[in-house]
Amino acid sequence: MLGLRCIVGDLRGGGRLLRSLPHLQKTFVSTPPLTSEGQHIRLLHHHHHHHRLPVLTQRSFLSQGQNSSVRSARMKLRTRAAVTLLFGGGLLAVWWFVDAEKQQRRRRQRVEQLQRVALGQGNFSLLDHRGQRRTKQDFLGSWVLLYFGFTHCPDICPEELDKLSAVVAALDRDPSLPPVQPLFITVDPERDDVPALARYVKDFHPRLVAMTGTPEEVKDAGRDYRVYASPGPKDEDGDYIVDHTILIYLVSPDGLFLDYYNRMKNQEQIAESVRNHINTYVQPSAAQTQP
């Protein structure tokens, strides 16, 4: 009986305690009664909700840290690439400058060597295939491919003039290049008069100019380019072969001999060489062009 009174007393004391805490009473009164299972779910939900914000915040900080690291790595990579490009560009510029200086020095040395050789620095005065008097000054300002031969040559001269014509035609197809003048000087003036040359040039490039003259005039023109020419013995028909130098000469617009091509050079090689000479040509001084 005493224990029952104590329990009842405790219950009454608890009721007074509840009445003394109106905000707690309001809370418990307004909240639907829950089973013990429901209370457990609510508590779990409250607990989960309570710890969710810190987890999301932590993930946000981690994501921001990763993005910052990626951006930093990309920035470093771009900086290194920029530095590499600048350094590489500087090296290329230095290499180009040194190479240009070297090429210019070689061209100067080439001009000096040609001056010492003294090849093609003289003048000539001959008749062209139209009967007009032509001199070397008439061709100044033009690139010239010059060949010495004769119209009665059975094979070598036609082959070389065909090759020369093909080279000029190939260069004509390049609009960036100036026209090249093909020129033919006979080494057989006794048979190669003006009418014979007029017939002969029709088989080659339409700009080909063929020239002849007296034996002395022709010999002087050949001597200027150190051309060897010697008529062979005549046969019973009075025909003969002229043994002569077989070269194609390249002459600059200043009348300066620049290069020569023998029979071993094909038309592609000659065209490429002439193209390179034109593109890299440096006009010599007045003192260099004087004989």
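1. Helix α4, residues 156-172, packs against helix α7, residues 267-280, at an angle of about 50°, with the two axes 9 Å apart. Because of that angle α4 is oblique to α7, a label for angles that are not under 35 degrees (roughly parallel), over 145 (roughly antiparallel) or 65 to 115 (roughly perpendicular). Axes here are lines fitted to C-alpha atoms, for helices over the stretch in contact, and angles run from 0 to 180 degrees between N-to-C directions; helices are DSSP runs of H or I with at least four residues, numbered from the N terminus.

2. This is a predicted model, in which local features need pLDDT of at least 70 and side-chain atom pairs count only at pLDDT 80 or more, while totals for chains, interfaces and linings use all residues. Residues are numbered from 1 along each chain as its sequence is written, and side-chain values use heavy atoms, with hydrogens and water left out.

3. Which residues make the contact of α4 with α7? On α4 they are Lys163, Ala166, Val167 and Leu171, and on α7 they are Gln267, Ile270, Ala271, Val274 and Arg275, contact meaning heavy atoms within 4.5 Å.

4. On cysteines, the structure holds zero disulfides, a disulfide being a pair of cysteine sulfur atoms within 2.5 Å. For Cys153 the nearest cysteine sulfur is that of Cys157, 3.2 Å away, and the sulfur of Cys157 is therefore too far from that of Cys153 for a bond.

5. Are these cysteines buried or exposed? Cys153 counts as buried at 9% relative accessibility, and Cys157 is buried with a relative accessible area of 0%, where buried means under 20%, exposed over 50% and partly exposed in between (1.4 Å probe, protein chains only).

Technical notes: Helices (H or I, at least four residues) and strands (E, at least two) are DSSP runs, numbered from the N terminus.
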